[in-house]
Amino acid sequence: MNSQLDQASPRPQNDAASTRDPDGFRLLNRYWDAANYLTVAQIYLQENALLRTALTAEHIKPRLLGHWGTSPGLSLIYVHLNRLIQKTGAEILFVAGPGHGGPAVVVNLYLEGTYSEIYPHVSQDAEGLRRLIRQFSTPGGIPSHVGPPTPGSIHEGGELGYSLAHATGAAMDNPGLIVACVVGDGEAETGPLEGSWKAPAFLNPSRDGAVLPILHLNGYKISGPTVLGRQSDEQVVALLRAHGWDPVVVSGSDPALVHVHLARALENAHAQIVQIQEQARRHGATGPARWPAVILRTPKGWTGPAVVDGVPVEGTFRAHQVPLAGVRENPAHLAQLEAWLRSYEPETLFDADGRLVPELAAIAPQGRLRMGATPSANGGSDLASLPLRPLENYALEVGTPGSTKHETTRPLGEMLRDIYTDTEQDRRFRLFSPDETNSNRLGAVFEVTDRCQMEPVLDGDDHLSPDGRVMEVLSEHLCQGWLEGYALTGRHGLFATYEAFAMVSASMTVQHAKWLQHARELPWRNPVPSLNILLTSTCWRNDHNGFSHQGPGLIDTVLSLSGSVIRVYLPPDSNTLLAAAEHVLLSRDYVNLVVVDKQAHPQYLNLEDARRHAAAGASIWHWAGNDDVPSGKITHPGALSGTQSSITTPDESVASTGPDIVLACAGDVPTEETLAAAWLLQHHVPEMRVRVVNVMDALVLPPRDAHPHGLSDVDFENLFTPDGEVIVAWHGYARAFHQLLHGRRSPGRFHVRGYSEQGTTTTPFDMVVLNRMSRYHVALEALYRVRGRFDGAQELADHCRTMLAKHESYIHEHLEDLPEIRDWVWTPPEP
């Protein structure tokens, strides 16, 4: 290929002396040589880091791991961004999208000095170089991804597809930042990355930073070509143009020419970004900006072996990983490796003490301008928490527990509205949702802000403007990816979506949790705001959407991750949701999953009890049971004063005669069905002592050695008794609840009913019937499991079966639930 600037993307060319500087580019090329040399050394060597003696098999690592193919391109870009920073003083965050690009990024961090500052044992001398090469892809060392241990990184690049979404989120409300995002052409084939090109429709240059995509086309994946790598420049330019970018192509295999043209492209891109932002900040943004982008075509494995054993390597897929695989066993391969390493002339790059020679070291920026030291890559420069108003502003007056209904998430919308208001001058909060803000009853936010859209606003559009701060795009990948980038750079947010379709981005949740888990182990990493996921439109209440919209699988996914970073909350009503929201929005370094339906549900706890319940994670709801009063005497706390609580948390003593059966519940619909079952049992079998336990924090259930929220054995038994039978109504799959109980004594006494993959377009109550979690199924299970015989038990069992049959007939004739189901509210049961 000939080095060229794409003529299909006309741009005034800058022929300033800075891009006609042979000596400057000579030094830049030598710096690039140093980066490439140390990259190869990391992959192959365990000793003799600077080839001060002849290379032998003993100097080679026993296991050759790593990826060479993408590394020269990453180093080329990094070196040129250093040059741009030196010339302009720009703050640049580097996002490396290509997988396994770690060795290249690490050596550039080492050469600029950031790496040794954070890891002093990897010093900038001969011994430090030895440690640098030995640690790569070895036990106790570093991985081949740009992971949490890599300074300057907010993006791992292990699971491909998220780099441009992370970069876009990092730029939001970060007006002084340029995020240079390298997109590999293998990564560009993924769905999330394909969707991420839409960023110009959502980035507002008057308030946001800039994203500079650098699409690196080296032509190949691990064993074959890439789609964009095989397409013409015109095709790739047309793709990016269609999404709103202004791309320029730089391509070639002659380093001298590529250096000149890449430097020009980046200088022009920076000038264009400054012009766009200055114009918008003076006169306002009235439409999507044509942000610059660079399409860089260079050979895969550039400067590496051209041919190995008679087979072409450089510029082919064979350069992807380790081009010379048999170095320890094959003398010819060993000789070829030594020739490859010596081609970079390391003796001219490093002095006698193993330090980069001064004229090359001067190329790197200093202090915070180094890309490894930018505050944006380590939680941002402002670690302040969100301003939250007192929850009393949004709390519902409950009165008699369970007697009133309210759309559970609507008060949360009012809380989020005020967060927007209180961060108007210090913008560090956004709500992300796939076109579902109103649907999820969070529409109060539109009283103070709009949906963000840089495309034209038409008559009839609802709360849509370039200045909006609610991010709606019909892609779970983009919503979550934007929030992850936003949070990792120090800002706060919430991702609200329908429960079933959170599984679209479930793997992103896994990857983010893994990042946080390892980041927590690094003392130099600042805590970052948590990834907060709100799931509504749950599996139990999708009246018209049907089976496709029913699936609580993200709970299972999250529960399988490290207990050090995951939390799962199932608030039963609005006040407990507010308490949970307050906690998760102020938290750092967690993945918080909050599951609650948006529909109208009974409201149970006043704010004081809601806070206590949320803090404890589970409690006994005395007003719903009768095990703490003499048999047959039922009191009701509807008139309880503010100084008297209707719940008992697990660390409090329980004045109880001991229940005959425990009914436990977790989730709003399971709670309602459990309370109705408790009512049936107390009404029909008054001599049976029933305890109701509500679980809001799912992670109190495992033993404490399995999760830090786990209850002690004493506290667990205070709730569930030491050996009594427990009937559980659980929001998700029953297996998840059983998983949580692993390690508890006698887990077989817990009989769990939950979602069992039965669903259709049907009535709300029919959903719980189909999944055998209805009040009648819970009551029948309790009658079956309770120890002893009780008057009225058989009559209740007959009643339950009769009602289930009546329900089946009624909904098919009347197309709605029975009035006694539809209109049921909790009242003190009278025998």
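## A guided tour of the model

Arg787 is found in the loop between H24 and H25. Keep in mind as you read that this is a predicted model.

- Leaving out neighbours within four places in sequence, Arg787 is in contact with Asp723, Gly724 and Glu725.
- Arg787 and Asp660 are 127 residues apart along the chain, and their C-alpha atoms are separated by 7.0 Å.

**The helices on either side: H24 and H25**

- Two packed helices are described by the angle between their axes and the distance between the axes.
- Helix H24 covers residues 775-785 and helix H25 covers residues 793-814; they pack at an angle of about 150 degrees, with their axes 9 Å apart.
- Angles over 145 degrees count as roughly antiparallel, so H24 and H25 are roughly antiparallel to each other.
- The crossing in which H24 passes H25 is left-handed.
- On the H24 side, the residues that meet H25 are Tyr776, His777, Ala779, Leu780 and Leu783.
- On the H25 side, their partners are Ala793, Leu796, Ala797, His799, Cys800, Arg801, Met803 and Leu804.
- Sorted by class, this contact of H24 with H25 has 10 nonpolar, 2 polar and 1 charged residues.

**Another helix pair: H18 and H19**

- Helix H18 (residues 574-586) packs with helix H19 (residues 607-616) at an angle of about 55 degrees, and their axes are 8 Å apart.
- H18 and H19 are therefore oblique to each other.
- Here the crossing is right-handed as H18 passes H19.
- From H18, Asn575, Thr576, Ala579 and Glu582 meet Leu607, Ala610, Arg611, His613 and Ala614 of H19.
- By class, the contact of H18 with H19 has 4 nonpolar, 3 polar and 2 charged residues.

**Cysteines**

- How many disulfides does the structure hold? The number is 0.
- Cys181 is in no disulfide: its nearest cysteine sulfur belongs to Cys479 and is 18 Å away.
- A disulfide needs two cysteine sulfur atoms within 2.5 Å, and for Cys181 the nearest such atom is 18 Å away.
- Is Cys181 buried or exposed? Cys181 is buried, with a relative accessible area of 0%.
- Cys479 is in no disulfide either; the nearest cysteine sulfur to Cys479 is that of Cys452, 12 Å away.
- Cys479 also counts as buried, at 0% relative accessibility.

- Ser75 has its place in helix H2 (residues 71-88).
- With a relative accessible area of 0%, Ser75 is buried.
- Apart from neighbours within four places in sequence, Ser75 is in contact with Trp32, Ala35, Asn36, Thr39, Ala104 and Asn108.
- Ser137 sits in the loop between helix H5 (126-135) and helix H6 (163-171).
- Why does Ser137 count as buried? Its relative accessible area is 17%, and buried means under 20%.
- Not counting residues up to four places away in sequence, Ser137 touches Arg63, Leu65, Ile142 and Ser144.
- The C-alpha atoms of Ser137 and Lys61 are separated by 9.9 Å, and the two residues are 76 residues apart along the chain.

**A histidine in a helix**

- Where does His738 lie? His738 lies in helix H22 (residues 734-741).
- His738 is partly exposed, its relative accessible area being 37%.
- Setting aside neighbours within four places in sequence, His738 is in contact with Phe750 and Val752.
- His751 is 13 residues from His738 along the chain, with 9.0 Å between their C-alpha atoms.

**Positive phi angles**

- Glu345 is not a glycine, although it has a positive phi of about 55 degrees.
- Look for Glu345 in the loop between helix H11 (331-342) and helix H12 (346-349).
- At 38% relative accessibility, Glu345 counts as partly exposed.
- Leu815 is not a glycine, yet it has a positive phi of about 65 degrees.
- Leu815 is found in the loop between H25 and helix H26 (819-822).
- Leu815 is exposed, with a relative accessible area of 68%.

Terms used
Residues are numbered from 1 along each chain as its sequence is written. This is a predicted model: local features need pLDDT of at least 70, side-chain atom pairs count only at pLDDT 80 or more; totals for chains, interfaces and linings use all residues. Side-chain values use heavy atoms; hydrogens and water are left out. Buried means under 20% relative accessible area, exposed over 50%, partly exposed in between (1.4 Å probe, protein chains only). Axes are lines fitted to C-alpha atoms, for helices over the stretch in contact, and angles run from 0 to 180 degrees between N-to-C directions. Helices (H or I, at least four residues) and strands (E, at least two) are DSSP runs, numbered from the N terminus. Angles under 35 degrees count as roughly parallel, over 145 as roughly antiparallel, 65 to 115 as roughly perpendicular and the rest as oblique. A crossing is left-handed if the near helix is turned anticlockwise from the far one by less than a right angle, and right-handed if clockwise. Contact means heavy atoms within 4.5 Å. Ala, Val, Leu, Ile, Met, Phe, Trp, Tyr, Cys and Pro count as nonpolar, Asp, Glu, Lys and Arg as charged, and the others, Gly among them, as polar.
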